[in-house]
Structures are given as C-alpha cells and as structure tokens.
Amino acid sequence: MLLEALYHVPRDKWAYAYDIESVHLRMRTKRDDADTVYVLTGDKYAWDRTFEEIAMEKSASDEHFDYWEACARPKHKRLSYLFRIESGGETAYMSSKGIMHEMPQPPGNNFEFPYIHEVDLFRVPEWAKEAVFYQIMPDRFANGDTANDPEGTEAWGGEPKVDNFFGGDIQGVIDHLDYLLDLGVNAIYFTPLFVSPSNHKYDIIDYKKVDPQFGDNEQLKTLVDLCHEKGIRVMLDAVFNHCSKEFPPFQDVMEKGEDSKYADWFHINSFPIEVVDGPTYDTFGFFEAMPKFNTANPEVKSYLLDVAEYWIKEVKLDGWRLDVADEIDHHFWHDFRKVVKKANPDAYIVGEVWSDSLAWLLGDQFDSVMNYPFSGTVLEFFNGGMDSYTFSNKIGGLLMRYPKQCNEVSFNLLCSHDTPRLLNALGEDKRKMKLAAAFLFTFIGTPCIYYGDEIGLSGEGDPDCRKCMEWDPAKQDLELRDFYKMMISLRKENPALRGGSYRILGACKDDPCIIYERMDSETHFIIWMNNSPEPRSLSHAIETEDWTDALSGDEVRPDEGIMHISLEPYGFRILSRRLDWKTPPFVQNTSGNASTEHSPVHR
C-alpha cells in the first residue's frame, strides 16, 4: 500500500455538513491500491456508546487516485473519526496523528467535525436542482418592439459583428415565453440588460436602469412577473468587476484626475488618465473602455451591493450570474452573499470562474460556478480527443472538486456567448451534438442551453456565436428541437437524473464507448453511448430483467444475465427500471464515478 497517497483533511470538500443531520467524509488512496476503506466514528465524549463503523464507497477515480466517500449521521451533531484502510494482508490507520499500522486508541488524536451548526450549513436553492436554464443575449433573441431599436439597427439575421445591433428586446422575450415553455425550460439566464454603449452590455453606464433599446425597468418587472406566473425563474448578469469608460464616476476621474472624489473607485496607476502603450489604469483584460472597479473601496462596495439588492427586490429576481467573478476580492463576495440572501434566501448565485473554484464554493460566497471544465472535458471526449477511460477519470476528478451540494447545482453548459456554438465545437456533426446533449441532461448538476442550439444555430467564436435567433420554422432544425424537448422532459420527469447517484459501469483505455448509471430509491437508469463512427454492440452484466427503453417504452431484456445493446454510430440508448427501496442505493455515492480500465464494452 502506498501510504504517501493517503490523504484527508477535516474541512472543505473532504469533511463537510451536508445537512443538519449528516456529515460527508472523503479520503484518497492510490489508484487501485486499497481493497476496502472504513471510517470509524463516534462522539468524543462517549466513544464506546456511540461507536459506528461505516464502509466507505469508492465513488470516483482519476488517473492517479481513488476517492472514497461515506455519510456519517452523528447522534449529537459531533463527530470524531479515523480511517482504516485494507489492502491484501496490510492494514493501515489514518488519524490526525498520522498514518500507522497499529490501531490508535480513540478518540484521542482522531479527526474531528466539532459540531453541525445550522447557521454554518452550505444551503443551495432547491429550485436550482430542478432547473433547466436557457441563456439569452437580449439583442439577439427576438425584436418585439421596433420603436426602441437603437440607431443603425440592422436587418434581423444579418452577420454578427463586434459592434452591430439587431434590435432584440424584452418584448421579444415576452412574445416567445410560450416557446420556452413548450421547449421545457424553467429558468432564463440573461446577459446584461442595463444601459451600455455596446451590443453585449458588459460595459455598463447605469446599473439601475434597463437599456432603452431593450425597454425599461417596468417592462423588465412585467417580464419577470410573467415568467414567475409560468413557473420560470430569472437570473440576471452582474458586471461588478468593471464598468464602462462612460460610467459617470470614471468620467469624473478623467476630468478631475487626483482631485476627483471617485479617484479611489478604480485602480489608477498614474495620473493623468491616458492610453499610451496601454491605459494608465487597470481594466478588464486590456480593454481600455472597461476600467476595473476597486471593490475594496467602501463606497464602491456599498454602491454595487445596493445594485445587487435593488434588482432582487425591484423585480423579485431569482439569481445573479457574476461576470469575471474570480478577479474580485473575496471580502466583497462574502458581503455580496449576505446582502443577496437576506433579500431573497432562495436566490441562486453563479460565479464566472473558468478553473477550480473551491475557494468560492465553501458556503460563504457562491452557490455555483459556470462549469467550463465540465464543458471542455465533454467536448473533448465527444470530439474523439480522449478514450472513455480518460474521460471517466476526468469527470471523476471534477466531481471530487466540490461538496455534494455544489455538484447538485453546478451550472453545466456546453457553450455560451463566449465560446463557439455546440454544433461548431463538434465539427457540425449533429449526431455528436445529440450525444453531448444527452450526457448533459443525464448528468449531475443544473444544465443550461445557449439560445438557438436547440434548433441548430451555428457559429464559431465571438462574435459569430452571437447570431440572431432563427424564428422561421422552415429554417429551424425541428427534429433537433424535438430531441431537446424529449431530453428535457426525461430529466424533469425523473428525479434520479437530477439528484440520484452517478457511477461509471463501463469505460476502458483505447475505447470511445461508455456506460454509466443514475439511480435513486425509485428509478435506475443505465445510459449506453457509442462515441465512435462505427456501429457498436455494448454489453454489461445485468441481474434483473425488468428494463425498458426510457425514450420509447419498449421492453429490453438481457440474455442470460448479459445485456447487449446495439448502437448506431454516435448513438445512445437509455434503459430504466422502477425500484421500490426505502433508501437509495449508493447513498454515499451521490457524486461519484467508479471507473474501471477493464471494459464491459464489446465490439
């Protein structure tokens, strides 16, 4: 046993309260090294009377390590614990004292979770677990009122450029709410709506006023009210890292320099403000038109937090997506969460962070982040860039980054206004697109569709990915839209696809096919995917015979305990069966991936 690979710390994603009654524990071993792992638990004040040994579930693996999970339910909200790891004839123990081969005398030197305080629980909005989001860029979705078109508005459907407008507005969204309902989405994420000189609106001039090209504040309130009546949640985009160069306080600094009362609102490196081989002030990226806020300044913080609270209360907003969230100080986000959650405890807070985001997902800042590592991994796999063994390892590693409640509401997307369209990212192969979308809708987390993907809208990177929505049915891919409707409906009708366990059943090196399951106490799903250009027959041992095709309803039976599934190139199949258990299986394996390099996949 490689003792150096054993790892656990009693905090963060390794030991956390999931709810008022349970503590989730994780530990790490070398890949394929440990046979079994147990966590020995009890109350430090009454160890003998409260002792319980819990077998841990190997819930995920990556290239180098296995990850084990257990759910402990301490009787008195206090938890003292250590681990026993077994491999062949070797047994090791791990406690806060270190790693040893003799059982230490508990509870001295045990790891501890001192107390489950309800006030410290990381609670995420329950509705976000049920949500299917639809991202809308207002200028490009629908033009419902030509009277508010900005000067120079171009004909709908023209070539998108970095600086042109097409007249999309709030009325256009109102006019198409029934379309969204029919599709099945129940949440909308809007890119910025506030006064700005650009078409994308990420350079804001007035944070409390809807841009007149979209409508006005009252119209936004009407839209949100209508959405709520139809069961649709609404999330807006908060751009608090930077503003527009035309933002009045920055204009004051440009005019008065060091004498401006707003001089400390921004990161000014030297006066006078000018642009010579780059601006003399910090910006978003190197865009001189987007000066960066000094969010440590109390006046700036007060101003922006007031904006966040204003829209939550003014239009009964359901959440904020936070632009360039990782470039703003943590102190600001701590206070942001307090203000927003006080105004609406059910608000969903999603940060734009493109890499590992654990620092923001410990219960005191965000509920979720835009899961670009997920989208990158999924796109690479379905583009043929890795085998299923590598894919399962990477997905397992991603799931082990965060606590379970974060994984349950992780904002999973396959493309956005900042990336090539899904169809383009997958070589304009609709079969691959469907395969990736099927994985999205059968995976843990909160899925998001970028407007138009469902009808085959194409586009490379910005600005091509920001084309106008196509509303002519003759130019829409209606078969693709029906596919999206079917997958959304399947997800919404089956809690197991939203909150159930996840486990890899079949994945191996040098093979592009994968089999995985989702399961709760009522339903068991097995998803079979042929990520190859050739027909394949996939097989896996199955103990029961009561399976049906989840999409067609056809009965599917194994042959002498082996299920054989024939798939077309880039095809998939979803099987399901009803269960009747009081508690779900793999109760600890709620965010895991037990991949294996020994494949049950046969050609």
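**Entry 1: S28 and its neighbours**

I looked up Asp-549 first: its bridge partner in S28 is Leu-575. The model is predicted; I use local features only at pLDDT of at least 70 and side-chain atom pairs only at pLDDT 80 or more, while totals for chains, interfaces and linings use all residues. I number residues from 1 along each chain as its sequence is written, and side-chain values use heavy atoms, with hydrogens and water left out.

I noted that strands (E, at least two residues) and helices (H or I, at least four) are DSSP runs, numbered from the N terminus. Two strands pair if DSSP finds at least two bridges between them.

Strand S25 (residues 547–549) pairs with S28 in the antiparallel sense, over two bridges. Strand S23 (residues 523–529) also pairs antiparallel with S28, over seven bridges. I found His-524 opposite Arg-577 in S28.

Why is S28 largely enclosed by the rest of the structure? Five of its seven residues (572–578) are buried, so the strand is largely enclosed. Buried means under 20% relative accessible area (1.4 Å probe, protein chains only).

**Entry 2: the open sheet**

Next I traced four strands in the order S1-S2-S6-S5, an open sheet with antiparallel pairing. S1 (15–17) and S5 (57–61) are the edge strands, each pairing on one side only. The twist averages 25° from one strand to the next.

S1 pairs antiparallel with strand S2 (residues 23–30) over three bridges. In S2, Val-23 is the bridge partner of Ala-17.

**Entry 3: a helix across**

I saw helix H11 (residues 388–399) lying across S2 and S5, at about 115° to S5. Contact means heavy atoms within 4.5 Å. Axes are lines fitted to C-alpha atoms, for helices over the stretch in contact; angles run from 0 to 180 degrees between N-to-C directions.

Conventions:
Buried means under 20% relative accessible area, exposed over 50%, partly exposed in between (1.4 Å probe, protein chains only).
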